[in-house]
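Open the model in your viewer and follow the stops below, from the whole chain down to a group of side chains.

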Amino acid sequence: VFVSRAGVLVLGWTDHIREAGIFALALNIAMLVGLSRIAVATMFSPTAADLYARGDRNGLQQLFARATLLSAGGAVVVAIPMMVIAEPFLRFFGEGYAAGAPIARVLILGYVFVALCGPQQNLLTMTGNEWAAATTMIAGAVANIIACAAGVAIYGPIGAAVGVALALSIWSVAMAVYIGKRLKIMPGLVFALLSIRPSAIDAHQWNWFLRASK
């Protein structure tokens, strides 16, 4: 919650009260994109824990890839119409709220990127890496505040939105790198794309992924 609301907090702290209200409404719209990831993660977690306990890394990799595809697909299906109707929807609350449409679109893109990475935090917590999940979240929260503060100082509310989207992206990439190194699990979309050719997942490509994540 703190990560998501960082933009609202920073705008409020810097006396951008009206902009904070507009930002909060735009954020609520953007967060609809993340519902697919939350729904998928709820079903993903117990199965991931079971596969990890049995030492089935290949099964865990395939499950993570399927969960990522479902998460990403749901997010994109919601994001496309939301990008289109953001402005008229916000205008329904008052003409001044229409200024939040660009903010909503930037935040939507940030949440789409998170969905494209799949339920990474759940993967960490279900495989005995709770401290890594907590550490990356704390780092993401700190980065979020810093990015929002810099964004507000330079570009105002839209800068706060860019800061939130950037922090979410960095947080997701950091988790992906840790998961690759610690669990030897490739990003779900990468694995899914390589799986289009059955012979694509081989030792050479896995070694390439490990070198790239260092």
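Start with a cartoon of the protein: it has 10 helices and 0 strands, where helices (H or I, at least four residues) and strands (E, at least two) are DSSP runs numbered from the N terminus. This is a predicted model, in which local features need pLDDT of at least 70 and side-chain atom pairs count only at pLDDT 80 or more, while totals for chains, interfaces and linings use all residues. Residues are numbered from 1 along each chain as its sequence is written, and side-chain values use heavy atoms, with hydrogens and water left out.

Next, zoom out to the C-alpha trace, which spans about 55 × 30 × 30 Å along its principal axes. Then colour by burial: 46% of the 214 residues are buried (under 20% relative accessible area; exposed is over 50%, partly exposed in between; 1.4 Å probe, protein chains only).

Now select F89, F92, F93 and Y97, which form one aromatic cluster. The whole structure has 4 aromatic pairs (ring centres of Phe, Tyr or Trp, the latter by its six-membered ring, within 6.5 Å; planes under 30 degrees apart are stacked, over 60 edge-to-face, the rest tilted). F89 and F93 pair edge-to-face, because their ring centres are 5.4 Å apart and their planes stand at 75 degrees. From F93, move to Y97: the centres are 6.3 Å apart and the planes at 65 degrees, so this pair is also edge-to-face.

F89 is partly exposed at 37% relative accessibility, F93 is partly exposed at 41%, and Y97 is partly exposed at 30%.
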